[in-house]
Amino acid sequence: KVLLGYRSFLEKCTWMSSLVSILRSSCNPSKPTTGSEFKLPYLLNFVSWFLEFHRCQHALQVAEAKKKNEPPPDLDIAALQGAIDVDMVQFTTARLRDFGKVAQMHQSQLMVALRVLSQQIQTIKVMTECSGSDTRDCGDILVRHLVKEDIMFNVAWIMKNFKTSVHDPRILSYSVEVWQLMILL
C-alpha cells in the first residue's frame with residue numbers, strides 16, 4: 001500500500017524534470033566549487049533512477065492498453081525533459097569523455113556515467129518506438145545527437161583499455177550494454 005502511494009505521488013510530480021535541470025547547472029565541472037565533485041554522482045544516479053522509473057511506468061501503461069485492446073500511449077516526454085533533453089545528453093557524454101579517456105578511467109565516476117548513458121539510450125529507444133509523431137521526432141533528434149557525440153568511439157576506447165586486474169568489471173558490462181544499445185538504435 002505504501003509503494004502504491006509512493007508510485008502515485010511520483011506519477012503526479014511535474015517538478016522533477018526541473019529539479020534535474022537545476023542540479024545539472026549546479027554541477028558545472030568547468031567551474032568547480034568546494035564539494036561539487038561529490039554532487040555529480042548524486043545527480044547522475046538520480047537521473048538514472050528517474051529515467052528507469054518513467055520507462056517502467058510507460059511499460060505498465062502499454063501492457064494495460066494491450067489488455068484492453070487499445071492503442072499504446074506515448075511516453076510522456078514532458079515529464080522527462082530535464083533528464084533526456086539535448087543538454088543532458090551532451091552533459092552525460094561529456095562526463096563519459098572526462099571520466100573515460102581524459103581521466104584514464106576514473107572508475108566510480110565512469111561507472112555512474114555509463115549507467116546514466118545506458119538509461120538515456122533505453123529511454124530514447126522507447127521514444128523512437130512510440131506511435132505519436134512528435135515523440136518519435138524528438139527521439140530521432142536525440143539519436144542524431146548521440147551519434148554526433150561519438151559515444152561509440154569513447155565506449156570502444158574504454159573496452160579496449162579495460163584491464164581485469166585493475167578495473168571494476170561493471171565498467172566493462174556497462175560499456176558492452178551501451179555499445180549494444182547504440183547498435184540497436
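In this predicted model, the largest nonpolar core holds 41 residues, and Leu96, Leu110, Leu146, Ile151, Ile171 and Val178 have the most contacts inside it. Such a core is a set of buried Ala, Val, Leu, Ile, Met, Phe, Trp, Tyr and Cys residues joined through side-chain atoms within 4.5 Å, where buried means under 20% relative accessible area with a 1.4 Å probe and protein chains only. Two or more residues each come from the following helices, which are DSSP runs of H or I with at least four residues, numbered from the N terminus.

| Helix | Residues |
|---|---|
| α3 | 36–67 |
| α4 | 77–84 |
| α5 | 86–102 |
| α6 | 107–128 |
| α7 | 133–148 |
| α8 | 151–161 |
| α9 | 169–184 |

The largest share of this core, eleven residues, is supplied by α6. Apart from neighbours within four places in sequence, Ile151 is in contact with Thr93, Leu96, Leu117, Leu146, Val178 and Met182, contact being heavy atoms within 4.5 Å.

Between α4 and α5, the axes come within 6 Å and cross at roughly 35°; axes are lines fitted to C-alpha atoms over the stretch in contact, with angles from 0 to 180 degrees between N-to-C directions. Here Gly82, Ala83 and Ile84 of α4 meet Val86, Met88 and Val89 of α5.

Overall, the protein has nine helices and zero strands, and buried residues make up 43% of its 185 residues.

Residues are numbered from 1 along each chain as its sequence is written, and side-chain values use heavy atoms, without hydrogens and water. Local features need pLDDT of at least 70 and side-chain atom pairs count only at pLDDT 80 or more, whereas totals for chains, interfaces and linings use all residues.

Terms used
Buried < 20%, exposed > 50% of the residue type's maximum accessible area, 1.4 Å probe, protein only.
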